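Hello,

Here is the structure I promised to pass on. Have a look at it first, and then read my notes below.

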Amino acid sequence: MIRVTELRQREVINVIDGRRLGTIKDIDLDLEAGRVKALIVPGQGGRFFFFFGREEDLIIPWENVVKVGIDVILVESYSFTSPVHREKA
């Protein structure tokens with residue numbers, strides 16, 4: 001069993017292109033079913049966007065998670081834009 005705090009400390013890596021997506025910012029849970037729906041990773045905007053625009057969070061559906069390892073979480077996304085994006089509120 002893995003705790004949410006342990007998941008948030010792991011790096012998320014896309015197995016398709018080897019890109020580091022970052023660490024988990026939040027987790028979308030289905031409380032009725034008692035399962036994880038998606039992992040939410042901070043957007044990749046960088047400093048320029050930090051000052052002049054809003055970054056979008058990457059929402060990675062749980063179905064795209066390939067493996068939860070000791071140090072990393074491997075996900076499968078065929079393009080950088082394939083995870084659903086959500087603007088910060």
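Predicted model: local features only at pLDDT ≥ 70, side-chain atom pairs only at ≥ 80, totals over all residues.

Helices and strands here are DSSP runs, numbered from the N terminus: helices are H or I with at least four residues, and strands are E with at least two.

Residues are numbered from 1 along each chain as its sequence is written, and side-chain values use heavy atoms, with hydrogens and water left out.

First, the overall picture. The protein chain has two helices and eight strands, arranged along the sequence as α-β-β-β-β-α-β-β-β-β. Of its 89 residues, 29% are buried (under 20% relative accessible area; exposed is over 50% and partly exposed in between, with a 1.4 Å probe and protein chains only). The accessible surface is about 6,300 Å², and carbon and sulfur atoms account for 54% of that (Shrake-Rupley method, 1.4 Å probe; for residues, only the protein chains shown count as cover).

Back to Arg-10. A polar atom of the Arg-10 side chain does lie 3.4 Å from the backbone oxygen of Ile-70. Beyond its neighbours within four places in sequence, Arg-10 is in contact (heavy atoms within 4.5 Å) with residues including Gly-22, Val-68 and Asp-71.

Asn-14, in strand β1, is buried too, with a relative accessible area of 2%. Its side chain reaches the backbone nitrogen of Ile-16 at 3.1 Å. Leaving out residues up to four places away in sequence, Asn-14 touches Arg-19, Leu-21, Val-75, Glu-76 and Ser-77.

Finally, Val-15 sits in the loop between β1 (11-14) and β2 (20-23) and is partly exposed, at 39% relative accessible area. Together with Ile-16, Val-66 and Tyr-78, Val-15 forms a nonpolar surface patch of about 400 Å² accessible area. Patches are made of residues with over 30% relative accessible area and no salt bridge, joining like charges within 9 Å and nonpolar side chains (Val, Leu, Ile, Met, Phe, Trp, Tyr) within 5 Å.

Best wishes

How values were computed: Salt bridge = Lys/Arg side-chain N within 4 Å of Asp/Glu carboxyl O. Polar contact = N/O pair within 3.5 Å; in protein donor to acceptor, adjacent residues only side chain to side chain.
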